[in-house]
There are 2 protein chains.
Amino acid sequence: MADINVLTLSSRPLESGSATAEHGQAQGPAFDLIELLFFAYRDFIGDADEVLARLDFGRAHHRVLHFVNRHPGIRVADLLDVLKITKQSLGRVLRELVDNGYVVQRAGPADRRQRLLFATQKGEALALELALLQTRRFARALHECGGEAREAARKFLAAMIEPSARADVEALIARADREAKNRPR
Amino acid sequence: MADINVLTLSSRPLESGSATAEHGQAQGPAFDLIELLFFAYRDFIGDADEVLARLDFGRAHHRVLHFVNRHPGIRVADLLDVLKITKQSLGRVLRELVDNGYVVQRAGPADRRQRLLFATQKGEALALELALLQTRRFARALHECGGEAREAARKFLAAMIEPSARADVEALIARADREAKNRPR
DNA sequence: CGTTTATGTCAGCCATATTGACATATTCTG
DNA sequence: CAGAATATGTCAATATGGCTGACATAAACG
């Protein structure tokens, strides 16, 4: 945090002399990328918002349902850890998902204090519908970019994640994929 | 403890074979990309959050300050249009920015009903500090990806934007860049 | 002149998050 | 086994940042 001021005070972006050559923005703020990510994420989220609104659900419900569906049997504590919210915040949202039959809770087989979370068929269907909407947006975008775009996008997005958290996120994704693969349907 | 410590750092097992050849995952949801974007955006936003929290500002203040700084003299109505919020929502946030000396309002020279918005030097400094934090994240990520990554990322992010809105966003960015270039400092 | 426009403001509501305190099972441990 | 620790739930109060609706004011426009 100490070096923030150094950068702030020293680098005057985009001097009028058009000194920014070639690929530009070597030192100035990447306003274009910042704004593109802002708008891209808004529209990415917007896909799901429309469907959710019809069910009187919000983004909070989406996040919970998504991770419960991706990690069947996830413990409440782990879900809180992934979402980085408090149990009080999770409370209402989870109750509504349970009350409306999208999620069920079952006591842990070994540790009966645990309330393991599972998406019901209904919950699974909704999670899939939402994921497919967003997948379609990715597919369209990547198709426009062509070729190696998928792997490039994957790498880029992973690189944007805080380095200290990246391994955990990658592991989380890998584990969910692996478990899904081994889950008989 | 809530460990998500599954230590496999292996990248996603791509289905081998030619069924999902071209762009992979032709039919299934792209859970990996969805989650990577979720976590990437969270960390991207988190950079600014820390600074803002110290000033008792939130993301709403950031968004307003960002666009005011990028478009000096922007009208309230246009700001509402960019942010897609109501004037009532803008109200409190804008007042706090003005009260704390980050933004000033001036009557339009031609139409005195307008209250054109400008970032003060203080506001400009904060906007730049925040933008540079986020720029550093982009720079690190793009450096990791190497080569043509910046243009690829730009293209990808633009492609993720709702097609009907994309031209407007691109024009917005282009205009801000053009005006910044012609603005003498 | 009257209407429209640009903006502001008051009041109330909703969703989602927070902290803190406390309750209830259940498991673990000395 | 008793007591500590753990997993979860819940009540209450508060903050933030959205929303709608109604109304106010000043300036521009026709």
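**View 1. Helices of both chains at the surface near DNA strand D.** In this predicted model, at least two residues each of the surface near DNA strand D come from α4 (76–83) and α5 (87–99) of chain A and from α2 (59–70) and α4 (87–99) of chain B. The most is given by α2(B), which supplies four residues. By residue class, this surface comprises eleven charged, eight polar and five nonpolar residues.

View 2. Sugar or phosphate accounts for 58% of the atoms of DNA strand D within 4 Å of the protein, and bases for the rest. A:R113 places a polar side-chain atom 2.6 Å from a base oxygen. Phosphate oxygens are instead approached by protein backbone atoms: a polar one of A:A77 at 2.9 Å, and an N or O atom of B:T86 at 2.8 Å.

**View 3. The interface of chain A and chain B.** Contact involves 82 residues of chain A and 78 residues of chain B. About 8200 Å² is buried between the two chains, with 67% given by carbon and sulfur atoms. On the side of chain A, the residues losing the most area are A:L36, A:R150 and A:M160, together 9% of what that side buries.

**View 4. Polar and charged pairing across the interface.** Ten salt bridges are found between chain A and chain B; in a salt bridge between A:R150 and B:D32, the N to O distance is 3.0 Å. Residue pairs in polar contact number 23, with both residues at pLDDT 80 or more. With 15 residues, α2(A) gives the most to the side of chain A that touches chain B. That side contains 41 nonpolar, 14 polar and 27 charged residues.

Methods. Residues numbered from 1 in each chain as written. Chains lettered and ligands numbered in written order. Predicted model: local features only at pLDDT ≥ 70, side-chain atom pairs only at ≥ 80, totals over all residues. Heavy atoms only, no water. Near = heavy atom within 4 Å. Polar contact = N/O pair within 3.5 Å; in protein donor to acceptor, adjacent residues only side chain to side chain. Nonpolar A, V, L, I, M, F, W, Y, C, P; charged D, E, K, R; others polar. Contact = heavy atoms within 4.5 Å. Buried area = accessible area lost by both parts, 1.4 Å probe. Salt bridge = Lys/Arg side-chain N within 4 Å of Asp/Glu carboxyl O.
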